[in-house]
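Please read the points below with the model open beside you. Each one takes up a single topic.

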Amino acid sequence: MKKVMALLLVTVMGLSLLSGCGDSGKGKNGRVVVYNWGEYIDPETLEMFEDEYGIEVVYDEYETNELMYPKVSAGATKYDVICPSDYMVQKMISEDLLREINFENVPNAKKNIGAQYWEQSEQFDPGNKYSVPYCWGTVGILYNTKMVNDTVDSWDILWNTNYAGQILMQDSVRDLFMVGLKRDGYSANTLNPAELEQVRDELIAQKPLVQAYVIDAVRDKMIGNEAAIGVIYSGEAIYTQRENPDLEYVIPKEGTNIWIDNWVIPKNSENPENAELFINFMCRPDIALMNFDYITYSTPNDAARELIEDEDIKNSEIAFPDLSKYQGLETFDYLGQEGDELYAGYYKEVKSAN
Amino acid sequence: MLKNSKRLMLGLPYYFWSIAFVIIPLFMVVYYGVTNRSGSLTIENITAIAVPEHFKALLLAVRLSVISTIICFLLAYPLAMILAKYGKGKSSVLVMLFILPMWMNFLLRTMAWQTLLENNGVINSALSFIGLPKLNIINTPGAIIFGMVYNFLPFMVLPLYNSLSKIDPNVINAARDLGANSVQTFIKVTLPLSVPGIMSGITMVFVPALTTFVISDLLGGAKVLLIGNVIEQEFSQTNNWHLGSGLSLILMFFIIISMIISAIFDKDGEGSVI
């Protein structure tokens, strides 16, 4: 029965795909199907890749790891390169969805990407067999210096009643709970119900102060002075500061989530060699630099960082923080299905509270 | 025989469409709804509606969509009467004006309202410029009702307009000749004759309002959890399609009931939009 359902699913999804795949501009050396986060690459680099290798790039985007996962695991669309975050890489490895990368075809990766990032990757990809770091960063507090008078160095500011209705929280399970867990000194990967319940109650107590739970909109609302304080990914901080110089980014003293997004090749990839060429291309210093300039998310590509001309950016504490100065930095682990459901239940309780 | 096969041929695209995009997906929702991850039958996904958060989200969704439907009806009925009263030529321009915004994407229009209603948005800037107090409506249930009314009002106006414009003016004249005043005419003649339109208007507003998750996300700041949001989260965040489908079946139950009611009152399809 399950097989039949899967078949039906594939048929229906396949039919819907037919409408989308009509364009003809085929590369002479085949194609590579890339599935990446929204606004997470300089589109010019894709054209350069096409010109250089004669491989057509079919590009598709997603907003969260959780939206990407079912599409890949159902196998409805055969992607060649995807860019999941750490815990999702771990999940996909555990479910045998990824293909080992032949690093002989990706010489730029080991050459240009800093040793510390490979070491960090070991946590979710032991032996560095499946993934190549693309971007990394922290989660922190973005605040408007004109609207906030208190010192901002702790997650506590998000519970400060002076800023009622001026606070933006992240609208995704793990990021929302991470804030509360770190504030209380717990691990962001905890499965202890007592700790999670405490955080749940604190998040419910915080809810009247929260203006909205959003993901990408934090950026625009902070630029537009619509809110005073927001939880945001470090990669957005440089961009928002360019647009609104009153904004300041802080990594709270209690610690936070440190994350890496990585290129991986799914097991059902039809063009794994092209995928490796693509990843290798993305690890080239000049290309990595173009992408860094465009998306402003920290690059693990040390060679690319050396090429940055603006000294302020090159040594920016936001883009390239000295991690040894901070405590409690933690990468998300995949918590298993039961863990995910545990969090989801508490999350719903927070969201449905008045 | 030939006639029959021709009819079948002509119907083929439609059959294909409804099997591929209605029947199969529906069957899949039912399948996921009554099974768990290991594939065995269960009713847990459906009884999950009794979980306090789910039930609360359902009640809230019902409450907000009932309020929106009532507001839509109160706004749309007089409007539809005005439209129906004007001659054909003029009213078609007016009806056109009403349909025009629907040519724009629903999401874009809702996002536009987000920008308009924001604390430092266009409306509040204008209000504070003329010295009036600010409107703190964004990210509240009130904003969600507003969004529902705004988005679904045309779905109420059009069926009402359709059924009102089909009322033979002679019937109204006869009522007036026989001594009924305008209020009596309205209550005894116009209103009963427009019931098919009312019923289909109510269904067409209530059903999308009940199931929406976009409006509550955009205008409610994701602070208000409706049943549509719960289901959306099960699919997109928690990745529990079984629970999402089970809860969808509950929602489908409400939809089927309102469609049956509308079918009873609207036997001839009079109130249909086109």
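**Notes on the model**

1. Lys314(A) has a relative accessible area of 15% and so counts as buried; buried means under 20%, exposed over 50% and partly exposed in between, with a 1.4 Å probe and protein chains only. Lys314(A) forms a salt bridge with Glu306(A), with the closest N and O atoms 4.0 Å apart. A salt bridge here is a side-chain nitrogen of Lys or Arg within 4 Å of a carboxyl oxygen of Asp or Glu. Glu306(A), at 54% relative accessibility, counts as exposed.

2. The model is predicted: local features need pLDDT of at least 70, side-chain atom pairs count only at pLDDT 80 or more, and totals for chains, interfaces and linings use all residues. Residues are numbered from 1 along each chain as its sequence is written, chains are lettered from A and ligands numbered from 1 in the order in which they are written, and side-chain values use heavy atoms, with hydrogens and water left out.

3. Over all chains, the whole structure has 19 salt bridges. One of them joins the side chains of Glu52(A) and Arg284(A), at 2.8 Å from N to O. Glu52(A) is in helix α2 (residues 43–53) of chain A, while Arg284(A) is in the loop between α11 (272–282) and α12 of chain A, so the pair links parts of the chain 232 residues apart. Both residues are partly exposed, Glu52(A) with a relative accessible area of 45% and Arg284(A) with 22%.

4. Another salt bridge pairs Asp156(A) with Arg183(A), at 2.7 Å from N to O. Asp156(A) lies in the loop between β5 (131–144) and β6 of chain A and Arg183(A) in helix α7 (residues 173–183) of chain A, so this pair ties together parts 27 residues apart in sequence. Helices (H or I, at least four residues) and strands (E, at least two) are DSSP runs, numbered from the N terminus. Asp156(A) is partly exposed at 40% relative accessibility, and Arg183(A) is partly exposed at 22%.

5. How is chain A divided into domains? The assignment gives domain 1 (27–136 + 260–321) and domain 2 (137–257 + 327–352); such bounds come from an automatic or database domain assignment. The C-alpha centres of these two domains of chain A lie 26 Å apart. Their contact (heavy atoms within 4.5 Å) takes 21 residues from domain 1 and 21 residues from domain 2.

6. Domain 1 and domain 2 of chain A bury about 1800 Å² between them, 56% of it on carbon and sulfur atoms. Buried area is the accessible area (1.4 Å probe) that two parts lose on being put together, summed over both. Across this interface there is one salt bridge. There are also five residue pairs in polar contact, both residues being at pLDDT 80 or more. A polar contact is a pair of N or O atoms within 3.5 Å; within protein, one must be able to donate a hydrogen and the other to accept it, and residues adjacent in sequence count only if both atoms are side-chain atoms.

7. On the side of domain 1 of chain A that touches domain 2 of chain A, the elements giving two or more residues are α4 (86–94) and α12 (285–295) of chain A. The largest share, five residues, comes from α4(A). By class, this side has eight nonpolar, seven polar and six charged residues. Ala, Val, Leu, Ile, Met, Phe, Trp, Tyr, Cys and Pro count as nonpolar, Asp, Glu, Lys and Arg as charged, and the others, Gly among them, as polar.

8. Gln170(A) is found in strand β6 (residues 167–170) of chain A and is buried, with a relative accessible area of 2%. Its side chain reaches the backbone oxygen of Val231(A) at 3.0 Å. Leaving out residues up to four places away in sequence, Gln170(A) touches several residues, including Tyr213(A), Ile215(A) and Tyr233(A).

9. Which residues other than glycine have a positive phi? Among them are Thr296(A), at about 60°, and Asn239(B), near 65°. Most residues other than glycine have a negative phi. Thr296(A) sits in the loop between α12 and α13 (302–307) of chain A and is buried at 3% relative accessible area. Asn239(B) lies in the loop between α12 and α13 of chain B and, at 14% relative accessibility, also counts as buried.

10. Chain B and chain A bury about 3100 Å² between them, 56% of it on carbon and sulfur atoms. The contact takes 31 residues from chain B and 37 residues from chain A. Three salt bridges are counted between the chains, among them Glu118(B) with Lys221(A), whose closest N and O atoms are 3.3 Å apart. The count of residue pairs in polar contact between chain B and chain A is 15. On the side of chain B that touches chain A, α1(B) gives the most, with seven residues. The residues of that side divide into 12 nonpolar, 13 polar and six charged.
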